[in-house]
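Open the structure in your viewer and keep the selection tool at hand. The stops below are meant to be taken in order.

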Amino acid sequence: MESRLKELTLLANKASGQENHPCIVDFARYLKLIQEEAFRCKNITEKLLDFSRTTEHKREAVSLPKLVQSVLDVTTHLQNSKGKKIEIKEEQHTNAWINAEEIKSVILNLVVNGLDSMDDGGILTIVIREKDGQAEVAIKDTGIGMNQEVLENIFEPFFTQNRTGKGTGLGLTISHKIIQQHGGEIEASSEGMGHGSVFTIRLPLHPMVSMNTNESMRRDGVPSGQPLLVSA
Ligand SMILES: Nc1ncnc2c1ncn2[C@@H]1O[C@H](COP(=O)(O)OP(=O)(O)OP(=O)(O)O)[C@@H](O)[C@H]1O
Ligand SMILES: [Mg+2]
């Protein structure tokens with residue numbers, strides 16, 4: 001697929017070099033559309049494969065400020081972070097009982113969504129704290145905001161109104177699934193278009209516990225091969 005996409009790119013670039021010919025103009029436009037859609041399909045396939053590949057869901061105590069910082073180390077190099085400010089407010093040093101790689105991908109999607117939604121001068125604020133016995137990360141942006149229709153659909157697969165035109169509409173669907181599997185919550189809110197958005201995720205501080213039908217109780221989250229622990 002990679003080499004076919006390269007061929008398509010070469011063809012599209014070649015055609016767009018002959019801009020004076022009327023037929024070539026249409027041809028180049030359609031080729032460009034096909035190229036963009038092909039890249040979108042490639043992104044979707046990669047995301048689905050990534051998600052289905054995650055077979056090991058091992059969880060441990062992970063420092064959320066460190067995890068968030070490792071995501072920001074990546075996003076500050078992205079083109080769409082230029083001219084925008086990102087602030088971290090760490091109310092407490094919070095550890096959560098999570099699979100670090102999975103939660104990193106959730107935070108990455110939320111940060112990129114927030115950055116995509118803002119113009120130059122936008123501010124993304126990430127608040128990390130413990131609240132009501134859970135770890136909480138709230139990602140607030142000063143971007144385009146969301147109306148009721150968008151809010152009702154954001155977790156649906158393939159729903160995208162991303163301003164870059166490059167969204168696959170899978171980021172929040174997959175994020176929702178990951179948070180649900182952790183026994184946590186993800187919540188979106190906005191005061192409406194032009195008023196920014198807030199995405200809040202809540203995660204367990206400790207392994208989830210449940211009494212088994214025998215007498216033991218475990219908090220380590222490590223599957224023992226016996227049905228001792230039920231962790232969402
Ligand atoms: N912070 C935000 N501000 C405004 N709209 C948002 C925000 N986050 C998400 N959305 C809306 O929700 C849609 C779905 O987001 P989601 O992350 O699932 O997909 P995407 O960003 O379009 O594509 P990708 O699959 O590459 O993440 C976005 O396209 C956008 O319309
Ligand atoms: Mg996204």
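Predicted model: local features only at pLDDT ≥ 70, side-chain atom pairs only at ≥ 80, totals over all residues.

**Whole chain.** Start with a cartoon view. The chain has 232 residues, of which 38% count as buried. Its secondary structure comes to six helices and seven strands. Followed along the sequence, these elements run α-α-β-α-β-β-α-β-β-α-α-β-β.

**Ligand 1.** Select ligand 1 next and show the residues around it. The space that ligand 1 takes up is the largest pocket. There are 21 residues surrounding ligand 1, and the closest are Lys47, Thr160, Gln161, Thr168 and Leu172.

Now colour the elements that contribute to this shell. At least two residues each come from H4, helix H6 (171-181) and strand S7 (197-204). Which of the elements gives the most to the shell around ligand 1? H4 does, with three residues.

Then show the contacts of ligand 1 one by one:

- Thr168: a polar atom of its side chain is 2.4 Å from an oxygen atom of ligand 1.
- Gly169: here a backbone N or O atom lies 3.1 Å from an oxygen atom of ligand 1.
- Ser197: an N or O atom of the side chain is 3.4 Å from a nitrogen atom of ligand 1.

Of the 590 Å² of accessible area that ligand 1 has on its own, the protein covers 93%.

**Magnesium ion.** Select ligand 2, which is a magnesium ion. Which protein atoms are its donors? They are OD1 of Asn109 and OD1 of Asn113, at 2.2 to 2.3 Å from the ion. Both residues belong to helix H4 (residues 100-116), and because they are four residues apart, about one helical turn separates them.

**Two loops.** Go to Asp132, in the loop between strand S4 (123-131) and strand S5 (134-141). Asp132 is not a glycine, yet its phi is positive, at about 50°. With a relative accessible area of 70%, Asp132 is exposed.

The last stop is Phe158, in the loop between helix H5 (148-153) and H6. Phe158 also is a residue other than glycine with a positive phi, near 70°. Its relative accessibility is 48%, so Phe158 counts as partly exposed.

Technical notes. Residues numbered from 1 in each chain as written. Chains lettered and ligands numbered in written order. Heavy atoms only, no water. Donors = N, O, S within 2.8 Å, 3.2 Å for Na, K, Ca; no water. Near = heavy atom within 4 Å. Polar contact = N/O pair within 3.5 Å; in protein donor to acceptor, adjacent residues only side chain to side chain. Areas by Shrake-Rupley, 256 points an atom, 1.4 Å probe, with all protein chains shown as cover. 1 Å grid on protein atoms, 1.4 Å probe; cavity = no way out; pocket = protein on both sides within 12 Å on 5 of 7 lines; lining within 4 Å. Sits in = over half its atoms within 2 Å of the grid points. Buried < 20%, exposed > 50% of the residue type's maximum accessible area, 1.4 Å probe, protein only.
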